[in-house]
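Please have the structure open as you read.

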Amino acid sequence: MDPDNLGQLIRRAQAGETDAFSELLEAHYDVIYRFAFRWCARREAAEDITQQCCIKLARAITQFQHRCAFSTWLYRLVINTAQDWQRQDSRHDHTDEAAEQPSEAARDESQVYLQQILKQLDNMGEGLRETALLVLAEGFNHREAAEILGVKESTISWRLHHMRKQLASTDGAHIS
Amino acid sequence: MTDIDKLLQQQDIPPADPRARQAAMRAALDEFAQVQQAAQGSPENNRSSSQGFWQRLRLIKDATLRNIVMTSSTTRTLFAGLAAASVTVLGLFVVLPALLTVSPPSIDENEVILSDINMPSPQEAAAHDPMIEEIVVSGYAKPEGARTPEAPPASTVSKALRASYPDAMHMAVSAAPMTADSVTRPIPQNRDKFSTQQENPVKRTVDEPVSTFSVDVDTASYSYVRRQLNHGVLPAKNAVRAEEMLNYFDYAYSTPTNREQPFLPSIAVTDAPWAEGKKLLHIGIKGYDLSDQQKPKTNLVFLLDVSGSMNNPDKLPLVKQAMDMLLGSLNPDDTVAIVVYAGAAGTVLEPTAVKDKQKIVTAMRNLEAGGSTAGAEGIKQAYQLAEANFDKNAVNRVILATDGDFNVGISDTEQLKGYIERKRDQGIFLSVLGFGQGNYNDKLMQILAQNGNGVAAYIDTLSEAQKVLVQEANAALFPIAKDVKVQLEFNPKKVAEYRLIGYETRLLNREDFNNDKVDAGDIGAGHSVTALYELTLTDSDAKLIDDSRYTKNAAKKSDNSNEYGYLKLRYKLPKESESKLLQRPITNADTQVDSDLQREVAFATAVAGFAQQLTGSVYLNNFSYDDIIALAQANKGDDLYGYRTEFIQLVRKAKIAQEI
């Protein structure tokens, strides 16, 4: 969708047109879902996050002020939703861990490994997971990622550097 | 290290289930329709959309899905129904046989008496039996019947809903601005966080003659305690901080007249009402109050949490009302800016002069709760605005209003603390206003406010907002001294043991007192600070610690024998980095004080007694809630704003809550 059309569509949705909002959702559902899946690596959870995010979008669409790209704003929303989910998820004592295991095993090893790395990132510091996902997976450049996360461009560069260094050092530890 | 790059790029993402997609779309469209409807209805109503988990329950129209998402309240209703049904059946089993065994004799009797009537008994018995049965059934079923699954009255369900989740109740209740003094809502499951603390122990003067602490003018604990007691629940022990309860009240101490020496200590030594043979040392410090002409210009940046959890009548709407009040107490030249943080973080209002009130009010009115919380980013944005508008002759302050949840982990609390400290050194201070409950993070708020040279206040009602932001606006906005530390050296010849009541989180090391690098509490214009020590004199037999067999009290200079101890107070004027010292001895003369001070001291003693009672202190002996009520009642003085009367009510409520 070209930016002008998108802008139009958003304005119509903000004015309360259900059709426009529906079209907007339709166009962005996959983007949201994809990012949500990258975040949690489980289809059901990703669908959950996506639904939450769509509901949030319905509520917040009037707050979008056309100052930045819609996608920037949308990613912010998705990240917030995913963080909320993660926090709630960690509160749940993981009694349903057993139920998670089969699907865990069914997935190929690289997925499991990837999740381990992302967990490591969480332990290294705040903001690393989203930075990695935005830049390395979604292919944003540093400036765009910085805008989405509301930090300085140099922060993104530093985070990536820090992350690689740390990962390399933990890897070294594994080998030795 | 290219593993992560490769893995992320090659990650295999399974497509979403089309049904899930549909459900999500439908839910979002539903929400959209609701938001639109609310927006058309009235601008005030669009806050009433629900938050969190419940919206999903409401939005999923599919009955089968709803059954899967079985919540605690639906299970409760279901189980109540099942229980009722089984009680009924059990009742039948127990009572019927008993009645059946009783009825044959009565049939026999009929037979005997009415022997000449043809075949009366079987019919009569048959007519009798169902009747008995019916009575039994209805007798047992009636009270329970109301709760059987066949007839679940809507009110029961909704009550259960309300009891367990106030958010859900919010769907039904319109978000009208709160005007009532206290919202009586059932306590939800409590996720409020408080740091654990231990009561200060009794210390021997010989071992440790010096006691050092930082002042604390926060009042958050008292408001929180009040809120819990108004719900009929005793507050968690960790939520009770004696010093904050003491400092909630304004005491009529004598006021200093000189801005350069902005403090005047009022000291009294009285008998401790809860332990025979012990004394109470009362230290009251009143700060200098500014007149209207002396008030410096004020640059305020409000940092408001508008995350979904703030969507309660006692949160965001109360924040707005509180801000409205504060606007009224500012000068026309002062500026106000508003930053929000949540899903859509950003500046809502650039720094605007208070005389442009309409603009500020409009910006405030448009605020809405929704989205999640990202506290750290919001704080940075607020500080940037404060910096942009920095005036070194003005008071530059960020006021954070939140219900507590920051989207940051433990390691980042440290980072946030450091950030706030650096900004404090640049001259931008931070105050924290806490709202609501269920998610309240007391510990983090305390940390932030203490590091930002500000106050942390907990606002539960409109009248509390009035107290903090209007009556005590000077104190909250204009610091007259910072890093105020108190050090007491007791005279071992006179005082055998001492115990500081409260201030557990504010204790300092002895050497910190003279170290100007060590941060301590701040005092705003007109603030008063009160501290109480419980003393046991050397000639008293109420001592708790035995004398040491080997270390003899070395006889020191005996010319100070009429001194209890020596009080030292260190403070810095707001713009200075070198501290000043104020000192005076505490002597026998301090046992004789005028009646005004005596009254204030007695009231403070009642408050301290209450705080200790709530924390389950081991030093109170038989001092009861009734004693506290009597003491406070006798000493409440003029009590212009009714705070002390309210205190007495709270003690009564605590007494009742205790008995339950």
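A word on angles before we start: axes here are lines fitted to C-alpha atoms, for helices over the stretch in contact, and angles run from 0 to 180 degrees between N-to-C directions. Keep in mind, too, that this is a predicted model.

With that in hand, turn to chain B and find helix H18 (residues 595-614) and helix H19 (residues 625-634). Their axes come within 8 Å, with a crossing angle of roughly 160 degrees. Because angles over 145 degrees count as roughly antiparallel, H18(B) is roughly antiparallel to H19(B). The handedness of this crossing is left-handed. Which residues make the contact between H18(B) and H19(B)? On the H18(B) side you will find B:Ala602, B:Phe603, B:Thr605, B:Ala606, B:Gly609, B:Phe610 and B:Gln613, and these meet B:Tyr625, B:Ile628, B:Leu631 and B:Ala632 of H19(B). Sorted by class, the H18(B)–H19(B) contact holds eight nonpolar and three polar residues, with no charged ones.

Staying in chain B, let's move to the sheet. Six strands make up an open sheet with mixed pairing, and their order is S7-S6-S5-S8-S9-S10. At the edges lie strand S7 (346-353) and strand S10 (456-459), each of which pairs on one side only. From one strand to the next, the twist averages 20 degrees. Within the sheet, strand S8 (residues 395-402) and strand S9 (residues 428-435) of chain B run parallel and are joined by seven bridges.

Finally, visit chain A. Helix H1 (residues 3-14) and helix H2 (residues 18-40) of chain A have axes that come within 7 Å and cross at roughly 130 degrees. H1(A) and H2(A) are therefore oblique to each other. H1(A) passes H2(A) in a left-handed crossing. In the contact, A:Leu9, A:Ile10, A:Arg12 and A:Ala13 of H1(A) meet A:Ala20, A:Phe21, A:Glu23 and A:Leu24 of H2(A). The classes in this contact of H1(A) with H2(A) are six nonpolar residues, two charged and no polar.

Technical notes. Residues numbered from 1 in each chain as written. Chains lettered and ligands numbered in written order. Predicted model: local features only at pLDDT ≥ 70, side-chain atom pairs only at ≥ 80, totals over all residues. Helix = DSSP H or I, 4+ residues; strand = E, 2+ residues; numbered from the N terminus. Parallel < 35°, antiparallel > 145°, perpendicular 65-115°, else oblique. Left-handed = near helix turned anticlockwise from the far one by under 90°. Contact = placed C-beta atoms within 7 Å. Nonpolar A, V, L, I, M, F, W, Y, C, P; charged D, E, K, R; others polar. Pairing = 2+ DSSP bridges.
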